[in-house]
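Trainee: Could you walk me through reading a few features of this model? I would like the general idea, then the case at hand.

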Amino acid sequence: MSAACVVLLRSGMALLVRRGDADVWELPCGAIRAGETASSAAVRILREDFGFEAGPATELTRAGELIGVLVSGGAGELKPVRHAAMSWVESRRILERPLTAECAPIARVLAEHRRRERYKGTHPRSFGEKYKELAGDPLAAAKAAARGSTPAGAHLSVMKAEILEALSPLSGATVLDCTLGWGGHAEALARSAGPEGRVICLDRDGEELERTRRRLDAAGVAVVARQSDYADAPSVLESLGVDGVNALLADLGVSSMQLDRPERGMSFKADGPLDMRMDRSRGITAAQWLERVSRVELAEAFSRYGDEPDAEKVAAALSALAAAGRSPRTTAELAAAVAAAKGLPPRALRKKDASSRHPAARVFQAVRIAVNAERDSLARFLAVLPRLLRPGGRAALLTFHSGEERLVDAALSAQTDAGFWRNPRAAPRKPSPEEVRLNPRARSARLWTEVRA
Ligand SMILES: C[S@@+](CC[C@H](N)C(=O)[O-])C[C@H]1O[C@@H](n2cnc3c(N)ncnc32)[C@H](O)[C@@H]1O
């Protein structure tokens, strides 16, 4: 498989290159190497073949099939190293050029693409206006990636290469992905397991599970997907007649798709009802939870689940609002209440870039963890983890905050002492600086791996 890089300028001009004298053009492309994703291959190809430091790449897919990667402009000058010529073409006119067969499908998508009417104001009225990538705009997606954000509606799988390495060999294996999400890891695991392998996927979010099931189906990736809490993995395996798996992944926390949908109420990025449930068919919403819990419980949740330094102050302010019947009902109201409790002006709520922390981020994380009883699920899952694996089976767990780290570390240490795991404990791995640059949401990831004795 090769990666084709579509280098696009804001004006909609795309880069074409030619190898010999014949009038046949191609989009910059090359082979994807072992351990690379299509996006990282595209970035490398541009560096090696053109001496060009490209911005982060966005995978461009149609009906689930990878057709190319969009790379927005970056630093440096394009200098073709292995090509006879390069040329810029308006993307809508790209099909007028004679193209190599490999690039034609991507070129067709570019040619069909019409830019949405540009929003001219400075204060977008709706989430859709602000996050154009939700409407399937590949240019907007590329621009979001170049800013260091995850394009809305997608999820960049974290430490994919390191996870595949830790869980391999996978050919013919039975694999359990406990947290399907967007399915990026599941897809890679299914491809590694091959036609003889079997990939069973769980997610407690039935809405996203359905979307991902359709996406993977369209991409020809066969997985068995079940809506379930990962703590209930033993009964799912039993119902499928599976007596232990060879490899298991749990990528904890929340997906970008959940964060990016305002109606899920998980993010301060857009106003929406304060819901935050991963499974909207059960349990109470975040708004109801905030109304019901005491100041002491709030403060404890903020400091235990969010490491919030102003836990007491924010808890006092929120419980005073609840007592006055003015508890926050929307994400914007919660963010504003947190800012006011911290003595910050409303403008502090406007996030400057993808790598800075929003003042309400820790409180939002803590409320989400409490509403979904995430610690409870994780503790129950960790207790059954060793018996989900066959002897020699490999486990990879990705944590994203100190609360998860503490639970995972304690459980794995105790289980190592009890002889469940083969290796002496090693420190968890961190994502590479390159991955963090391309996907700031990966910055707090820690990868814990074990082999079953
Ligand atoms: C970080 S995302 C997974 C992303 C996925 N690995 C990928 O490559 O797209 C985490 C997912 O875990 C799910 N999840 C969180 N807690 C869960 C639980 N207790 N049981 C099952 N799924 C859970 C969330 O709904 C979310 O879809």
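Mentor: Gladly; burial comes up first. Buried means under 20% relative accessible area, exposed means over 50%, and partly exposed is in between, with a 1.4 Å probe and protein chains only. By that rule Cys 201 is buried, with a relative accessible area of 0%, and Cys 178 is buried at 1%. Two notes before we go on. This is a predicted model, in which local features need pLDDT of at least 70 and side-chain atom pairs count only at pLDDT 80 or more, while totals for chains, interfaces and linings use all residues. Residues are numbered from 1 along each chain as its sequence is written, and side-chain values use heavy atoms, with hydrogens and water left out.

Trainee: How many disulfides does the structure hold?

Mentor: A disulfide is a covalent bond between the sulfur atoms of two cysteines. Here the cut-off is a pair of cysteine sulfur atoms within 2.5 Å. The structure holds 0 disulfides. For Cys 178, the closest cysteine sulfur is in Cys 201, 9.4 Å away, which is too far for a bond.

Trainee: At what angle do helix H15 and helix H16 pack?

Mentor: Two packed helices are described by the angle between their axes and the distance between the axes. Helices are DSSP runs (H or I, at least four residues), numbered from the N terminus. Axes are lines fitted to C-alpha atoms over the stretch in contact, and angles run from 0 to 180 degrees between N-to-C directions. H15 (residues 374-388) and H16 (residues 402-417) pack at about 20 degrees, with axes 10 Å apart. H15 is therefore roughly parallel to H16, a term for angles under 35 degrees.

Trainee: Which residues make the contact?

Mentor: Contact means heavy atoms within 4.5 Å. Among those of H15 are Leu 378, Leu 382 and Leu 385, and H16 contributes residues including Leu 407, Val 408 and Leu 412.

Trainee: Is Arg 264 buried or exposed?

Mentor: Arg 264 is buried, with a relative accessible area of 0%. Arg 264 lies in the loop between helix H9 (256-260) and helix H10 (286-292). Leaving aside residues up to four places away in sequence, Arg 264 touches several residues, including Asp 205, Glu 207, Glu 208, Asp 275 and Asp 279.

Trainee: And where does Glu 312 lie?

Mentor: Glu 312 lies in helix H12 (residues 311-323) and is exposed, at 51%. Not counting residues up to four places away in sequence, Glu 312 touches Arg 295 and Ala 299.

Definitions and conventions: Helices (H or I, at least four residues) and strands (E, at least two) are DSSP runs, numbered from the N terminus. Angles under 35 degrees count as roughly parallel, over 145 as roughly antiparallel, 65 to 115 as roughly perpendicular and the rest as oblique.
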